Amino acid sequence: MLEAEKKKVSISVKTSQADKKRAAEIFDGLGLNLSTAINIFIKKSIAEGGLPFEVKDPFYSEANQAELNRRFQKVANNQDIQSHQLLDDGKQ
């Protein structure tokens, strides 16, 4: 191992007190402290060449996309469309 790889440096991470406490409790149950857990995350990210887990946005879930497509089809076919007055459309 190169000398530069052996030298440890500090990093600073901002998070909420509640999240820090919850994470520390989880890692403590695994026999790890926060520093070791973060180092595992960093090493795994390097090995994977990115985040070591999938990041998902629930908006793009199959169920949500199917529902949006169903609604778009209704609009396209003029089915079950109800007009309504917007609260802020300037009409009183």
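**View 1. Arginine 70 and glutamate 67 meet side chain to side chain in a salt bridge, 2.5 Å from N to O.** A salt bridge here is a side-chain nitrogen of Lys or Arg within 4 Å of a carboxyl oxygen of Asp or Glu. The two residues sit 3 residues apart in helix 4, so about one helical turn separates them. Arginine 71 also forms a salt bridge with glutamate 67, with the closest N and O atoms 2.7 Å apart. Shared partners join Glu67, Arg70 and Arg71 into one network. Glutamate 67 is partly exposed at 26% relative accessibility, and arginine 70 is partly exposed at 39% (buried is under 20% relative accessible area, exposed over 50%, partly exposed in between; 1.4 Å probe, protein chains only).

A word on the model: it is predicted, with local features needing pLDDT of at least 70 and side-chain atom pairs counting only at pLDDT 80 or more, while totals for chains, interfaces and linings use all residues. Residues are numbered from 1 along each chain as its sequence is written, and side-chain values use heavy atoms, leaving out hydrogens and water.

**View 2. Glutamate 48 pairs with lysine 44 in helix 3.** Their closest N and O atoms are 3.2 Å apart, and the residues are 4 apart along the helix, about one turn. Both ends are partly exposed: glutamate 48 has a relative accessible area of 47%, and lysine 44 comes in at 40%. Searching the whole structure turns up 4 salt bridges.

**View 3. Helix 4 (62–76) has the span you'd expect.** Helices are DSSP runs of H or I, at least four residues, numbered from the N terminus. After the helix comes asparagine 78, with a positive phi near 55°.

**View 4. The largest pocket has a volume of about 720 Å³.** Of its 23 lining residues, Ile11, Ser35, Ile38, Asn39 and Ile42 are the closest to the centre. Helix 3 gives the largest share of the lining, 8 residues, while helix 1 (3–6), helix 2 (17–29) and helix 3 each supply at least two. For the record, a pocket is an open set of points on a 1 Å grid over the protein atoms alone, where a 1.4 Å probe fits, with protein on both sides within 12 Å along at least five of seven lines; lining residues have an atom within 4 Å of a point. The volume is the space filled by probe spheres set on the points, which are joined across faces, edges and corners.

How values were computed: Expected span 1.5 Å × (residues − 1).
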